[in-house]
Amino acid sequence: MARGGALVGPCRPSSSVLQFSTRHIPKVEFGVATRLISELKFSTRHTFGLCAITPPRPEIILVLFAGERSAGFSKQSRLPAYKTRENCDKLGPAIVGNSRTTSGETAMNRASRRTKRIVRAFAGAALFLVCAFGARAQYTDRQAIDDLGGPQAFAARRSALARQLKTGYAILFARNDIPEAAHYREDNDFYYFTGLQDPGAVMLMDVEKGTVIIFEPQQAGRTAQVYGSNLLALPSTEQQSLGYNAVLPIGNLDIRLSALMQLNAGGDLWVRLGFPDKADGARPEVGRDHAWKFAHPYHEPLPSNLAPAKLLAERYPMAHFRDLAPAIDSLRNIKSGDEIAVLRRIGKISAEGNRDAIAHAHPGMYQYQIEARAFFYYSDHGAQGMSYPAIVGSGDDINTWHYFSNRRKIEANQLVVFDFAGSLDHETMDITRTFNISGKFTPEQAKWYAVDLEAQKAVIALLSPGHTYEEAAAAGQAVFEKNGIGNQWTGFPGHFVGFAVHDVMRPAGPVRPGQVVTVEPIVEFVDKRMHYRVEDTILITGGAPEILSAAVPKELADVEKLVGSAQ
């Protein structure tokens with residue numbers, strides 16, 4: 001299958017299945033004659049409205065596509081997108097202008113007769129058009145951009161950043177490498193302000209004017225055809241539809257910078273001077289990853305995500321370098337309404353997927369089977385990937401907090417710590433449940449599970465404006481101390497969530513609306529192979545806290561009832 005959202009079915013007429021990718025489906029509205037198509041499959045997210053016309057001949061099915069209205073891909077058409085078969089009778093009048101045709105099948109046949117010549121003349125061109133749309137930007141996801149508020153939302157973020165910085169120029173770099181055997185995921189900071197996912201891209205912003213230039217690698221030869229176009233290779237109209245009026249080859253970056261730095265010697269050049277974060281790691285954790293590399297005598301000279309700051313300092317010593325990260329973090333910490341909507345969706349998908357996995361759990365299965373069941377659910381319901389590798393700990397592995405191997409068999413009556421969540425539109429989630437694989441906690445297991453859950457609830461109860469994270473932490477600590485395990489309390493039991501699972505900043509000070517934070521106290525006894533972790537992701541609102549992961553049970557009796565219930 002071609003990469004970048006290309007169609008499979010129409011380009012192979014002998015196929016028995018017409019199948020579309022799960023992401024970029026352009027808005028296309030026309031009739032297409034396809035041969036020997038016995039099944040039509042579409043994605044579970046953002047599908048076409050579709051009506052299939054009764055075959056005028058056994059070997060042909062005439063299909064009307066009334067596609068998504070995705071801004072920036074094509075002009076609006078008057079043909080409405082009817083989403084159900086019951087509305088197919090309306091397609092006849094919509095096309096042939098005959099309102100007397102009321103039967104769905106009759107309307108379709110009439111449309112077929114009136115449009116057969118047009119279909120034959122334009123089917124080839126139409127299929128070419130559809131397939132050509134599959135070669136659009138490989139990684140930049142217009143649907144994700146729209147989910148997060150559209151190009152105007154990213155422009156607003158840049159404006160907010162400029163207001164904080166006040167002077168000089170700001171520069172942000174995309175990743176410059178492709179991950180191994182995984183979907184490309186853009187640098188969080190670059191994506192937050194651009195919405196673009198293009199390896200090797202750079203954003204340069206004039207802070208005082210608020211203008212932006214995007215620099216992109218030039219794609220030589222058939223690169224765009226094979227790997228999908230980057231922003232530079234797209235028509236200027238599409239660049240503008242994404243919010244960018246100036247897109248230049250990456251080779252022009254130093255030409256532009258050298259002129260600006262010479263004209264503004266000593267001026268501010270804002271760049272991220274510290275560590276990035278990543279989907280499954282905070283900035284300090286990325287720094288730790290680098291430290292592990294540096295400990296090896298044959299490490300790479302400098303990690304690619306630190307190289308830009310070093311090279312800029314070497315090339316432009318006249319500039320006054322300032323760190324972008326504090327301003328970025330203050331903006332990323334408070335989620336917009338569009339971000340919250342996406343977080344609610346991925347919270348629900350992830351929780352339901354975990355619930356399904358626990359419902360199918362039973363003694364004798366392997367850890368990876370629990371992971372697989374949940375991950376299938378995430379993907380089948382529109383998630384783009386995982387927020388972090390699944391943790392399915394049991395037996396000897398249960399006290400390894402970040403145990404990712406998931407290769408062991410789970411024996412009867414063993415505790416299972418299941419920590420897993422999906423990712424959508426760059427937003428992440430974090431959920432953990434602990435259960436007995438046989439469906440019934442032992443008395444000792446039930447005791448400590450109840451303590452962990454009580455502490456979690458005590459913390460969550462104070463996550464509302466007017467309280468502090470320190471107050472919330474103290475409430476949970478009191479539960480631990482009451483039960484004789486106060487020495488296991490290590491501070492606020494959680495972290496912020498957003499573009500990274502361990503998102504920017506640490507929970508401290510006043511609780512603020514728009515923050516998203518986990519609560520995950522841990523009770524464990526290594527000598528007994530016991531580990532209890534009940535974790536939810538919480539949205540801070542103007543009132544009571546909202547549990548984004550509530551779709552998977554956590555009350556002790558409900559958890560016991562859920563385990564293996566699908567058998």
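In the predicted model, Glu560 touches Gly439, Lys440 and Phe441, with residues up to four places away in sequence left out of the count; contact here denotes heavy atoms within 4.5 Å. The model is a prediction, in which local features require pLDDT of at least 70 and side-chain atom pairs are counted only at pLDDT 80 or more, whereas totals for chains, interfaces and linings use all residues. Residues are numbered from 1 along each chain as its sequence is written, and side-chain values rest on heavy atoms, with hydrogens and water left out.

Glu560 is located in helix 16 (residues 556–562); helices (H or I, at least four residues) and strands (E, at least two) are DSSP runs numbered from the N terminus. The relative accessible area of Glu560 is 15%, and the residue is therefore buried, where buried means under 20% relative accessible area, exposed over 50% and partly exposed in between (1.4 Å probe, protein chains only). A polar atom of the Glu560 side chain lies 2.9 Å from the backbone nitrogen of Phe441.

The chain contains 16 helices and 21 strands. Of its 567 residues, 53% are buried. Among contacts between residues at least 6 apart in sequence, 67% join residues at least 24 apart. The accessible surface amounts to about 25300 Å², of which 55% belongs to carbon and sulfur atoms; these areas come from the Shrake-Rupley method with a 1.4 Å probe, and for residues only the protein chains shown count as cover.

Two packed helices are described by the angle between their axes and the distance between the axes. Helix 12 (residues 337–359) and helix 13 (residues 367–380) pack at about 145 degrees with their axes 8 Å apart; axes are lines fitted to C-alpha atoms, for helices over the stretch in contact, and angles run from 0 to 180 degrees between N-to-C directions. From helix 12, Ile349, Ser350, Glu352, Gly353, Asn354, Asp356 and Ala357 meet Ile370, Arg373, Ala374, Tyr377 and Tyr378 of helix 13. The residues of this contact divide into 6 nonpolar, 3 polar and 3 charged, with Ala, Val, Leu, Ile, Met, Phe, Trp, Tyr, Cys and Pro taken as nonpolar, Asp, Glu, Lys and Arg as charged, and the others, Gly among them, as polar.

Phe418, in strand 14 (residues 415–419), has contacts that include Asn354, Ala357, Ile370 and Ala374, residues up to four places away in sequence being excluded. Phe418 counts as buried because its relative accessibility is 1%. Its C-alpha atom is separated by 8.7 Å from that of Ile358, 60 residues apart along the chain.

Leu548 occupies the loop between strand 21 (546–547) and helix 16. With 7% relative accessibility, Leu548 is likewise classed as buried. Beyond its neighbours within four places in sequence, the contacts of Leu548 are Leu343, Arg344, Gly347, Lys348, Met429, Val516, Thr537 and Leu539. The C-alpha atoms of Leu548 and Asp536, 12 residues apart in sequence, lie 7.3 Å apart.

Helix 11 (residues 325–332) is mostly covered, with 6 of its 8 residues buried, namely Ala325, Ala327, Ile328, Asp329, Leu331 and Arg332. The cover of these residues includes helix 4 (151–165), strand 6 (169–173), helix 5 (188–194), helix 9 (283–294) and strand 11 (320–323). In helix 10 (residues 307–315), the buried residues are Ala307, Pro308, Ala309 and Leu312; strand 6, helix 8 (253–263), strand 10 (268–271) and strand 11 are among the elements covering them.

Conventions:
Polar contact = N/O pair within 3.5 Å; in protein donor to acceptor, adjacent residues only side chain to side chain.
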